[in-house]
Amino acid sequence: MTKPAKDVADKLMSYHQVGSYWSNHPISQAWVRNSLSYYSTIMDANAWDTSLVYTGEQGELIKMSVPQARSLIRQVVTLTTKQKLAFQAIAQTDSAEVMKTVKLADAVSAQVVKNQKLDLKGEMLCEQASVMGLSFLKTTWRSDKGNPYAATAEGEVVYDGDVEISVCHVDDLLFDFTIPEWSDLDWVEARTIKNKWSLISQFPELKDQILKLQPVKNVVRSGMAEYWSVSEADLCYVYEVYHKPTPALPKGRMVVYGDSDCVFYDGVNPYECIPISKMCPEPIFSSGFGFPLLSYILPAQEMFDHVLSCLATNMGNLGVNNVIAPRGANIGVQDFAGMNLLSYTPQNAPNGGRPEVLKLSESNPQLFQFSTVLLENMQQMVNLNSAARGQPPSGVTAGVAIATLTANALEFLNSVAKSYQMCLEDAMGHALNAYRRFASIPKIVAITGKQNQTVTKEFVGSDLDPVKEVKLTVANPLMQSTAGRVDVAEKLLGQGLIKNAEDYIAILDGAPLSRMTSGALTESDLVDLENEKMAEGEAVPALATDAHAFHINKHRELLNEPSIRKNAQMVQLVLAHIEQHLQLEKTTDPLLKIIVTTGQAPVMPMMPPMGAGGPPMAEQQPPAGDEMEQDSGGFMPGVSEREGVGAQPSPDALGRVGG
């Protein structure tokens with residue numbers, strides 16, 4: 001890697017040939033076998049009009065493939081990746097702007113997830129790792145992507161650039177597989193497919209060399225070399241070599257080439273790392289390879305197909321009943337529509353001339369039993385119980401039990417989920433690193449609050465400098481299953497935390513539980529915003545309707561920041577705000593506190609009815625001679641509108657005036 005780029009390309013290209021690198025390791029045979037088996041139902045058919053394969057000298061044998069293993073792998077992938085991706089940034093800085101930086105990084109991460117369709121690519125990543133034992137995400141900066149920013153004098157459009165995340169097959173990478181830990185590798189080579197004419201527009205000085213590059217179809221390492229492509233002459237492989245900074249190469253090195261005569265870039269590594277992340281759920285000791293999950297169940301799958309093929313051959317060839325009739329019984333073929341009639345000469349047969357059914361289609365019951373055993377074995381090998389597959393065990397109807405069984409299945413898949421999460425976190429870290437290093441042109445990001453209030457913010461890469469790490473938010477396994485959500489919804493309903501059918505159905509559909517506590521989240525958002533303002537030296541008022549105890553404790557956390565605690569003026573600002581909350585807590589009307597806390601006004605006690613233990617009517621009437629004035633719409637019946645007239649008898653419930 002310290003030699004000229006031409007020598008580097010020549011050396012690496014010598015590894016591209018079949019028989020010199022991957023194919024000299026037994027694991028490569030597992031990759032081929034697993035790939036063919038995983039897609040056997042669409043890649044192993046010899047007829048266009050049926051999914052069955054007929055073999056034998058006259059096509060009398062039926063080869064039947066039922067992809068139970070693929071179905072189980074897909075269920076594993078679904079359970080592992082069903083949670084919507086959400087990343088949380090971790091910043092390392094003494095600046096009071098740390099919360100703004102974290103929010104910005106979270107918003108950029110959410111935008112990367114959306115623009116790069118990372119949820120779908122995560123499924124591809126997990127599926128490939130389950131079949132091959134390992135898979136990869138490459139996160140790089142594309143200067144030809146993003147939004148148009150300017151135009152050159154020659155009319156070429158200049159873009160502001162953007163991140164690109166792609167799933168890489170193991171055959172698209174070249175690395176030293178004798179090094180077990182991915183982080184210990186010094187260099188990795190990745191190949192990508194490019195259009196020659198797009199390359200020529202970017203590197204016009206290399207036009208002749210680019211046109212001489214071998215098409216993808218002609219490259220030996222390509223697994224689809226025998227098939228034609230509508231653009232086969234225009235597509236070629238471009239190889240990207242990333243060497244991280246080491247004592248031998250302090251600034252690292254990056255080489256991008258098509259072949260030894262066509263080098264697009266040769267210089268320091270601008271990423272200062274290898275921007276490729278590896279997912280390997282079950283590493284193989286002392287190697288950089290992984291054990292494929294599919295290999296656990298592939299033997300049972302092949303035997304399962306063999307058993308079904310035996311049954312299908314028997315049923316397909318002998319499923320139509322054969323009737324045997326002795327000669328001389330005067331029975332014709334036309335009397336047995338849809339059946340085969342076999343004539344024979346009886347040899348003192350006990351049934352004489354009576355026709356019988358020749359039961360050749362009966363299959364050995366042990367074949368059916370064996371197929372059931374094989375299917376159960378495959379399910380056990382991938383630790384997927386029936387509850388996780390949507391079929392609770394017989395007799396189990398309680399939501400808690402079903403949810404527990406599903407959660408247990410997810411715990412067994414922890415190694416897959418853990419590797420998946422670490423790979424995505426690493427890839428998102430590379431994405432933010434790419435923004436930090438290459439996003440010199442201002443870009444726009446949408447920052448969405450917890451209540452879906454969205455604002456746009458302009459930023460440049462240097463704004464993300466304090467961000468040192470990214471974590472993937474992981475949901476409780478109980479909420480990843482329907483049974484678990486039903487159980488949680490029932491408990492929330494019983495506790496009064498959800499009060500309508502819409503919220504109940506929302507939980508069943510996978511809505512976050514934060515929706516049920518939106519009021520608390522709004523208060524939390526308010527406190528966070530107040531902390532940000534006070535960290536900037538701005539005073540904020542406290543109101544009587546605030547949850548004072550909650551505010552005081554959250555504002556107190558602001559004083560735990562050493563940089564703020566050392567600032568006497570800022571400490572005084574925070575303490576003054578806390579004192580406002582304390583005084584309001586003491587002086588606020590208790591009735592207002594009850595309404596704010598419960599959301600309801602307290603029920604006032606009703607006055608006792610007349611004659612039910614209350615004072616006599618005479619005591620309730622005003623003294624004689626008192627004058628009470630009312631307009632014509634008065635609400636006190638029995639009081640005269642005429643001046644000087646005393647109280648009159650009140651009407652009863654029917655409006656009748658009592659005597």
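What share of the contacts in the protein chain with a separation of 6 or more comes from residues 24 or more positions apart? It's 64%, where contact means heavy atoms within 4.5 Å. Before we dig in, note that this is a predicted model, where local features need pLDDT of at least 70, side-chain atom pairs count only at pLDDT 80 or more, and totals for chains, interfaces and linings use all residues. Residues are numbered from 1 along each chain as its sequence is written, and side-chain values use heavy atoms, with hydrogens and water left out.

**The overall picture**

- The protein chain has 20 helices and 19 strands; these are DSSP runs numbered from the N terminus, with helices being H or I of at least four residues and strands being E of at least two.
- Of its 659 residues, 36% count as buried. Buried means under 20% relative accessible area, exposed means over 50%, and partly exposed is in between, using a 1.4 Å probe and protein chains only.

**Helix α6 and its partner α4**

- Two packed helices are described by the angle between their axes and the distance between the axes.
- Helix α4 (residues 68-81) packs with helix α6 (residues 118-132) at an angle of about 135 degrees, and their axes are 9 Å apart. Those axes are lines fitted to C-alpha atoms, for helices over the stretch in contact, and the angles run from 0 to 180 degrees between N-to-C directions.
- α4 and α6 are therefore oblique to each other. As for the cut-offs, under 35 degrees is roughly parallel, over 145 is roughly antiparallel, 65 to 115 is roughly perpendicular, and the rest is oblique.
- α4 and α6 cross in a right-handed way: a crossing is right-handed if the near helix is turned clockwise from the far one by less than a right angle, and left-handed if anticlockwise.
- On the α4 side you'll find R70, I73, R74, V77, T80 and T81, which meet G122, E123, C126, E127 and S130 in α6.
- By class, this contact of α4 with α6 has three nonpolar, four polar and four charged residues. Here Ala, Val, Leu, Ile, Met, Phe, Trp, Tyr, Cys and Pro count as nonpolar, Asp, Glu, Lys and Arg as charged, and the others, Gly among them, as polar.
- Zoom in on E127, which is found in helix α6. E127 is buried, with a relative accessible area of 14%.
- Leaving aside neighbours within four places in sequence, E127 touches Y38, R70, R74 and V77.

**Helix α6 and its partner α12**

- α6 also packs with helix α12 (residues 414-438), at an angle of about 130 degrees and with the axes 11 Å apart.
- α6 and α12 are therefore oblique to each other, and their crossing is right-handed.
- L118, G122, L125 and C126 of α6 make this contact with V416, Y420, C423, L424 and M428 of α12.
- The residues of the α6 and α12 contact split into eight nonpolar, one polar and no charged.

**Aromatic rings**

- The whole structure has 15 aromatic pairs. Rings of Phe, Tyr and Trp (its six-membered ring) pair if their centres lie within 6.5 Å; planes under 30 degrees apart are stacked, over 60 are edge-to-face, and the rest are tilted.
- Y242 and Y271 pair edge-to-face, at 5.9 Å centre to centre and 75 degrees between the planes.
- That pair links distant parts of the chain, 29 residues apart: Y242 is in strand β10 (residues 235-243), and Y271 is in the loop between β12 (262-267) and β13 (276-279).
- Y242 counts as buried at 1% relative accessibility, and Y271 is buried too, with a relative accessible area of 5%.
- Y271 also pairs with F438: the ring centres are 5.3 Å apart and the planes at 70 degrees, so this pair is edge-to-face.
- Y271 and F438, the latter in helix α12, are 167 residues apart. F438 counts as partly exposed at 24% relative accessibility.
- W141, Y242, Y271, Y435, F438 and F459 form one aromatic cluster.

- H577 sits in helix α18 (residues 568-587) and counts as buried at 2% relative accessibility.
- Apart from neighbours within four places in sequence, H577 is in contact with E530, M534, V540, P541, A542 and H555.
- N314 lies in helix α9 (residues 294-318) and counts as buried at 17% relative accessibility.
- N314 and L61 are 253 residues apart along the chain, and their C-alpha atoms are separated by 8.7 Å.
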